Amino acid sequence: MLVSAKEMLTKAKKEKYAVGQFNINNLEWTKAVLLTAQELNSPVILGVSEGAGKYMCGYTTVVGMVKGMINELGITVPVALHLDHGSYEGAKKCIEAGFSSVMFDGSHYPIEENIAKTKELVETCNKLGLSLEAEVGAIGGEEDGVIGGGEVADPKECKMIADLGVTMLAAGIGNIHGKYPENWAGLSFDTLDAIQQLTGEMPLVLHGGTGIPADMIKKAISLGVSKINVNTECQLSFAAATRKYVEEGKDLQGKGFDPRKLLAPGFDAIKETVKEKMELFGSIGKA
Ligand SMILES: [Zn+2]
């Protein structure tokens, strides 16, 4: 069964650990993340970007696949199926398709419009028992054409959005998507601290979890981050393991071309990455 992310994140914030959001791209990805969460008795959030949703043949296909797997694999840990960086329209579509959690990223709108749209979605999500993530202060990265440090959110704007009744809040604190540049300035803990002072119990979300040093992750958790998004890191480990398999010529040996064999090393690599992250975030045994 899919659950809202509210309960797992409230518990995480209280007990000072973070739940990982691992973005999924296909069947192998989804199976790898779900099985690892179950093996380690950790709550988990499956992230689906609008692009990945389209790639996987639409949100209803994703819901069908995830629900089917939870059932067939006997997954009993809490699993939230969450739209990542949703548009207003995308959020509505996912709610209709059966997602248990959505992110509305209105950070590119003027704050008044971000508030108006977030407010409307809060009402819908509350009615249906879904969790809603909002964002303040755009998170940079290659996909936005931003190079260097990410934006830093205004803590007062964070407070305004938090007060609308969202479940969790993503705030830019110098984090970015994708690989971090060598001259990256690091996370702005002063900003994070100021945001937490104003938003209190609200679980905070750290995007761009790939490549942030472990000590910064731990410090961020101590300052109120209770959800951390991981996407690129699983892609990198999947690609590296698949490359190794092919470069060693294993696809040319026997039935090595069988997709179930060809994709197995990448599958195992995703599992390993998810495990490392769950260890770092402290979510193991917290289901
Ligand atoms: Zn993000």
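Helices (H or I, at least four residues) and strands (E, at least two) are taken here as DSSP runs and are numbered from the N terminus. The structure is a predicted model, in which local features need pLDDT of at least 70 and side-chain atom pairs count only at pLDDT 80 or more, whereas totals for chains, interfaces and linings use all residues. Residues are numbered from 1 along each chain as its sequence is written.

Under this assignment, Asp 193 has its place in helix α8, which spans residues 189-199. A residue is called buried if 20 or more other C-beta atoms lie within 10 Å of its own, exposed if 12 or fewer do, and partly exposed in between, with C-beta atoms placed from the backbone. Asp 193 counts as partly exposed because 16 C-beta neighbours lie inside 10 Å. Between Asp 193 and Leu 81 there are 112 residues in sequence and, from C-alpha to C-alpha, 29 Å in space.

Strand β1, residues 19-23, is mostly covered, with five of its five residues buried. Strands are said to pair if DSSP finds at least two bridges between them. In the parallel sense, β1 pairs with strand β10 (residues 225-230) over four bridges, and Val 19 stands opposite Lys 227 of β10. A parallel pairing over three bridges also joins β1 to strand β2 (residues 44-49), where Leu 46 is the bridge partner of Phe 22.

Together with helix α2 (residues 27-39), β1 and β2 make a right-handed β-α-β unit; right-handed means that, with the strands pointing away from the viewer, the path from the first strand over the helix to the second runs clockwise. The buried residues of α2 include Trp 29, Val 33 and Leu 34, and among the elements that cover its buried residues are β1, β2 and α12 (264-281), where contact requires C-beta atoms, placed from the backbone, to lie within 7 Å. After α2 comes Asn 41, which has a positive phi of about 50 degrees although it is not a glycine. Asn 41 lies in the loop between α2 and β2 and, because it has 14 C-beta neighbours inside 10 Å, counts as partly exposed.

Not counting residues up to four places away in sequence, Val 33 touches Phe 22, Ile 24, Val 44, Leu 46 and Val 274.

In helix α1 (residues 6-15), the residues Met 8, Leu 9, Ala 12 and Lys 13 are buried. They lie on the same side of α1 because they cover an arc of only 130 degrees around the axis, the arc being that of the directions from the helix axis to the C-beta atoms. The face turned away from this buried side carries the exposed residues Lys 14 and Glu 15. The cover over the buried residues of α1 includes β1, β3, β7 and β10.

Methods:
Two residues are in contact if their C-beta atoms, placed from the backbone, lie within 7 Å.
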